[in-house]
Amino acid sequence: MRQWEPEVWGGLDLFGSSPDITADADAPDAEESDADADSNALSNAKEVVFDTRPLGLRLCPAKQGDLGAIIEHCSPQAALAGVQPGSILLTVNSQNVETVPTEEIQSCLESAQIPVTLALKPTLHLPQAKRMKSRPKDPVTICTARCRGSYRAVHAALEHIGWKAVASDNREASVVWLEHADSAEGLAPVQTVSRIDAFLQLCRKAPLAKCLSPWMEELPDAFSFFPETWVLPRDATELEAAMTRAKATYIAKPSAGCQGQGIILARRWSDLLDIMKRSKPVGEASAISEYVVQRYISRPFLLDGLKFDMRIYAVVTSVVPLRAYLFKEGLARFCTVPYQPPKDANLQDVCMHLTNFAVNKRSKEFKTTEGLEQHDEGSKRSVSSVFWQLERSHGTTADEMWHRIAELTANTLMAIRPGLVEYYAQAQQLHRPQNRPRLHPAAPKGFQIIGLDVLLDSQLQPKLLELNANASLSVMQPDVAAVEPEPACPLDASHDASPPAGAAEDLPASPSTPAGSGLCAARSLSAERTDPEDQGGEHCLQQTAATAVNAVASDRAAVMARLEDKLQDLSLGDLLQVEAHTNALLTNDAVVNVSAEGAPTLTEPAASHVMDSSTDASTSPAPAALQSAVSSREPQSSSIYTPRPTNSPTCSTARSSADCVVHASTGRVGAMDRRRSISMRSRRRLGMTRRPSKEDRQEKPKEKKKMVTSPLDLEIKKELIAQTLLLARPAPQSKVLKLRNQWYGEAAPDPQELEPLPLDDNGDLVTSSGRAAASDYPAVRPDAPGRCPAMEPLDFGELVAPDVVNYAKAHLALYRLWARSCGPGQSTLGQVPMEKLMDRRGFVGPGRPFADKIHVQLWLTRKWRDYAAGSFGVDFQQFVQVAGCLGNMLANGGAAPATDAAEQTESNILLRGVVDFINHDGQ
């Protein structure tokens, strides 16, 4: 700490000559360390200059011992100067006051000469939702029985706004909190749910890419926020050509993946061949998953030399009409390894390239957030602190950044709106009438919290990485102070002559252990230093069995945890072999012989010691972790896998699971297990498992981190949930019970007559013949944005490109036309109604695209063969393609079908043809 220089405080010695605030001159190292910390803090500070009095600041302590200062209250004059309540006071006239008593700082500010310059560190400034008036006799109730990781944040939000939580699975609560694929069956329109069905499908990576990629071709400037994307296997040819033309880095993700699982960085097409073979289009019975491949953003904007992205939250309360709100705070998630441009040597460093919290929380470099005053530090920070740093370093204000993100969010939501409409149209033929997904007011009022992962490039332009319909609302972070190092596993050790530290402690040393016993064999196998990959799979299984024996003998938690890690990657056949090896060792059925090559093998036990394969599992001496792993892999039916009766019950000479596993009912050798083993080897080659490399096995032992509550996550997510609930404006419990009984009473409308999309883009009810009347629907419940100061309504008319808005409106009008043409109770459109529709809309006649009905029938027969796949009628998605073709004919000047042989691209059909078809008035 530097010595105080009173002369810079306006010429007055405000601090006197007290030696207590003078740093020790004999501690230069501490001085340099404090100076570095001061410069790091001041780089994020905000300077405020006061030229007049009074300053109007009231302070409170920032640290224990009444040291430092936080702005507790500021006058309007101070607020105009840029002071925010909650800001931390760092310096006064360039003098550090972080360790000065608070009362002394307050008195100095009141008497300091003008001008006074303050360096303030902005705190987390999040507008708070107002607590609702207490209604103990008729509260708003929230069913939280289905909360998962969001439990803490949801309950903190309910306590904040004063609503009542219901722990039981109560379907009559005002709000029913649902997550993932939880069903909303049995809920009335007067109730509120925390999800909207269609987003779970459309927010996956492949459907999102299919919605946005056509707009990237049509409007490259408006949709420059989305990286160039290919969907495998659909776009394999285009991707291979792109990777061949230019040397760049690509990132491949499974369409339904999460938490960084299954992500691969590739620079050559050959790196993606295994993915290409495994990926299948959606709809095939053998489909594993679609994969999305994006051009990797190799020049991201860095802070402190680290790559980061931002989790931005948007709340959607209606699909038709589209209403959404942007939450003006979020979380910036940082990598834990300094960033370097991608190259072959660092592609496997996930903590350098992936910003996922689930990946980086395991890193020893992860930095936690201890309090809200540290919201601009650590591996997870507030978005507002990032924008503040950008404003100071690059001059781009926070308002400019939020406007760019609002444009990105609005264009994305409007681009996927047609996909949401198609979901509800298709769902009518996939579900029973009472279970069909619908929108309010034909169903409960829903809201969807969407997490947008946004990355800033080197030009500070936001790039959308993906959408998350199940955005994590967990508030946990690793507790760095409670790290418990786990001993290194001998099986993962390198070829070192000396045993690893702690290896001798796996089994208790006992002079009474007989020289040929199973415990002695386990000790020999555990101490073996050969590489499992060089010795073969049987050697790995024997050493895993030795670890199981160690777990039984030593009863240590670390050994048991290591055993569980080893068992999770084994197939069923391998688990059965390990169990047989373990039983043999524990029952002294085997001894160890070391061959000339140094590989230990198990000899055949005596006949009197052989365990019968029909022995009950409960009598097996194997540890519980191994027994549970075996039982969890077995199919849940009467047919089970049992070891094949052989001369050697331990199967010591057999590696293949087919030699050890047989199906009890059919006698068929375990082909499923062989497929699992092949799949696991493929996953390891692709880097999709956590199997360590040789270099990783030479590193320090893994560390298990206890999870604790993150104050930053809790504050942001609590306020997000609280304001989202207030935005939905749920009804109190008494009103819910009354209207719910009416909805399910004798006068309830027929579910089959309810319109899945009952409102139009103006918010008016849509009625048609054969459908429920307007009086059958309850009143539409509006949003309450006035209660939510941190929620900014998205103005789609202002933020979204006009072509995108026009297509979304035309697509909805096309749905209404298709639904009327299908008729009541029908979900497909036949050729005869389609022919009548074309006639009514002016496509048939002299000077029209079709001269007569014969040409129409021939054209429809060809299109039905292409789109309907032999079915009688076309569903809505297929009808969109047909209408797009007709619209393109009109755009070509009414060309005859014979000259329309050249098919338009999919993007042209969807984006231009549909609009032309709807705008055609038949004249």
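**Stop one: two cis prolines**

Start by selecting Pro441, which is found in the loop between α12 (398–427) and β19 (445–446); helices here are DSSP runs of H or I with at least four residues, strands are runs of E with at least two, and both are numbered from the N terminus. The peptide bond from His440 to Pro441 is cis, with omega near 15 degrees. Before you move on: this is a predicted model, where local features need pLDDT of at least 70 and side-chain atom pairs count only at pLDDT 80 or more, while totals for chains, interfaces and linings use all residues. Residues are numbered from 1 along each chain as its sequence is written, and side-chain values use heavy atoms, with hydrogens and water left out.

Now jump to Pro54, in the loop between β1 (46–50) and β2 (57–60). The bond from Arg53 to Pro54 is cis too, with omega near 0 degrees. Most peptide bonds are trans.

**Stop two: a four-stranded sheet**

Next, bring up the open sheet with strand order β11-β14-β12-β13, paired antiparallel; two strands pair if DSSP finds at least two bridges between them. Which strands stand at the edges? They are β11 (229–232) and β13 (264–266), each with a single partner strand, so one side of each has no neighbour in the sheet.

Zoom in on β12 (residues 250–254) and β14 (residues 291–295), which are joined by five bridges. Select Ile251 and you'll find its bridge partner in β14, Gln294. Then show helix α6 (residues 205–218), which lies across β11, β12 and β14. Gln259 is worth a click as well: it sits in the loop between β12 and β13, and its phi is near 55 degrees, a positive value in a residue other than glycine.

**Stop three: a helix crossing**

Finally, select α24 (residues 802–822) and α27 (residues 876–891), whose axes come within 11 Å and cross at roughly 115 degrees. The axes are lines fitted to C-alpha atoms, for helices over the stretch in contact, and angles run from 0 to 180 degrees between N-to-C directions. What touches what? Tyr807, His811, Leu814, Tyr815 and Trp818 of α24 meet Phe876, Phe879, Val880 and Ala883 of α27, contact meaning heavy atoms within 4.5 Å.

Just after α24, end the tour at Gly823, which takes a positive phi of about 95 degrees.
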